[in-house]
Amino acid sequence: MKRTSLASAAALAGAAALVLTACSSGDSGDSGDSGDAGGEAGTRACVILPDAASSPRWENFDRKYLQEGLEAAGFEADIQNAQGDTQQYATIADQQLTQGCGVMLLVDYNGAAGAVTENAQAQGIPVIAYDRPIAGADYYVSFDNIEVGRLEGQAVLDGLEAAGKDPAEAVVVYMGGDPADGNAAMFRDGAVEVMEAAGITAAAEPPGVWDGDESATNFEQALTSLGGEVDAVWVANDTNAAGVITILQKNNLEGVAVSGQDANVAGLQNILLGWQTATVYKPVKDEADAAVEVAVALLNDETPEADQTLDDGTPYIAATPILVGPEQVKDVVAAGDASAEEICQGDVAPMCEEYGVE
Ligand code: GAL
């Protein structure tokens, strides 16, 4: 078997750079590796995205960057979206496998990727867990998700400091992501590490979800249970933060620290307007490029190596997240991951001028 070493080199301008450091053909034959799908199937990369509602990233960025990267490397990209439906996830996977796949890149949705992974591997097709972990996957390509959480915790502390509040005395609500997403626990672990070190404990913690409307409902109940008092909300992503912010606005609660993730348009607008302290910007192209590099190596029947592993031993390649407050919104625009036109609407326009977003 040929071996290719993929090492995530020092983060280059916030990107996890992957370097093919070695590529030598093995001396022994391909010992029992049934991974050579051969023919047309061997040139196809099959990708399943989870939904469109939890974050705009999947359709706006992941799809585009994965497709461009795979096609530029000369492979066919079959990219589909399960639209938040585990049944549809299984159906898409069956169809893709019937047509043939040389590799699968799966973003898990509610555990649906587990059975697909087993099925693919039984046919000798390697599986890359893309963005979210999947038990038994051959590779996990994502961001450093504990670090994502730490940056969210930092946003909470920054917002409290700006409001002149002592973290150890602050009323903080924890609004995590859907626990069916393996990343949600990592985001929470990182955030709690930073918040606890500053003396914060959760005043209330509704169930985790990836849904803006549900987050609004859950947060409103938590706020009522706290007698309408809140100083900070640790929120795991921008879609949920937007839901929380509708309730803060409804109750005229200004100056509350709020975190988020994904640097989506609503999040960036809320940051410029002062309703959200910061977001964790994850340049999706870094993650997609890393996944394409692993996929292409596997399609070429090479064995990529990663320089980290998850607790269960899965090789893990992690891109670097970046904290974005009002001053950095322009950097996300400059990188092409948000458009000033979309952000700078209505009330936001003067803030765009103030922060140089154009
Ligand atoms: C996470 C992902 C985030 C966010 C969230 C909601 O797994 O890493 O970027 O999009 O899901 O979909």
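Predicted model: local features only at pLDDT ≥ 70, side-chain atom pairs only at ≥ 80, totals over all residues.
View 1. The side chain of R44 meets that of E76 in a salt bridge with an N to O distance of 3.1 Å. This pair links distant parts of the chain, for R44 belongs to strand β3 (residues 44-49) and E76 to strand β4 (residues 76-81), 32 residues apart. A salt bridge also joins the side chains of D78 and R44, at 3.0 Å from N to O. Here too distant parts of the chain are linked, with D78 in strand β4 and R44 in strand β3, 34 residues apart. R44 has a relative accessibility of 4% and therefore counts as buried. D78, at 12% relative accessibility, is likewise buried. E76 is at 39% relative accessibility, so this residue counts as partly exposed.

View 2. The side chains of K250 and E220 meet with 2.6 Å between N and O. The pair links distant parts of the chain: K250 lies in helix α7 (residues 238-250) and E220 in helix α6 (residues 212-225), 30 residues apart. K250 has a relative accessible area of 57% and is therefore exposed. E220, by contrast, counts as partly exposed at 28% relative accessibility.

**View 3. Four charged residues take part in a network of salt bridges.** The residues linked in this network are R57, D62, D131 and E287. For the structure, the count of salt bridges comes to 13.

**View 4. The disulfide of C46 and C101 links distant parts of the chain.** The sulfur atoms of C46 and C101 are 2.1 Å apart and form a disulfide. C46 is located in strand β3, whereas C101 sits in the loop between α2 (86-99) and β5 (103-106), 55 residues apart from C46. The torsion about the S-S bond of C46 and C101 is about -100°, so this disulfide is left-handed. Both partners are buried: C46 has a relative accessible area of 0%, and C101 is at 1% relative accessibility. R44, shown in View 1, is also assigned to strand β3.

**View 5. C344 and C352 form another disulfide.** The structure holds two disulfides, and in the one shown here the sulfur atoms of C344 and C352 are 2.0 Å apart. The link of C344 and C352 is left-handed, with -90° about the S-S bond. C352 is buried, with a relative accessible area of 2%. When the bonded cysteines of the protein are numbered in sequence order, the pairing reads 1-2, 3-4.

View 6. A search of the whole structure finds one cavity of 30 Å³ or more. The largest cavity has a volume of about 100 Å³. Its lining consists of 14 residues, and those closest to the centre are W58, R132, W210, N237 and D262. The elements that contribute two or more residues to this lining are α1 (57-72) and α5 (182-197). Sorted by class, the lining of the largest cavity comprises three nonpolar, five polar and six charged residues. At least three residues come from each of domain 1 (6-137 + 283-320) and domain 2 (145-281 + 325-355).

**View 7. The second largest pocket lies between domain 1 and domain 2.** This pocket holds about 260 Å³ of space. The second largest pocket is lined by 17 residues, among which N60, F61, A263, N264 and D337 lie nearest its centre. Helix α1 provides the largest share of this lining, with three residues. By class, the lining of the second largest pocket has eight nonpolar, four polar and five charged residues. Domain 1 (6-137 + 283-320) and domain 2 (145-281 + 325-355) both give residues to the lining, and the pocket therefore lies between them.

Conventions: Residues numbered from 1 in each chain as written. Heavy atoms only, no water. Helix = DSSP H or I, 4+ residues; strand = E, 2+ residues; numbered from the N terminus. Buried < 20%, exposed > 50% of the residue type's maximum accessible area, 1.4 Å probe, protein only. Disulfide = S-S within 2.5 Å. 1 Å grid on protein atoms, 1.4 Å probe; cavity = no way out; pocket = protein on both sides within 12 Å on 5 of 7 lines; lining within 4 Å. Points joined across faces, edges and corners; volume = space filled by probe spheres on them. Nonpolar A, V, L, I, M, F, W, Y, C, P; charged D, E, K, R; others polar. Domains from an automatic or database assignment.
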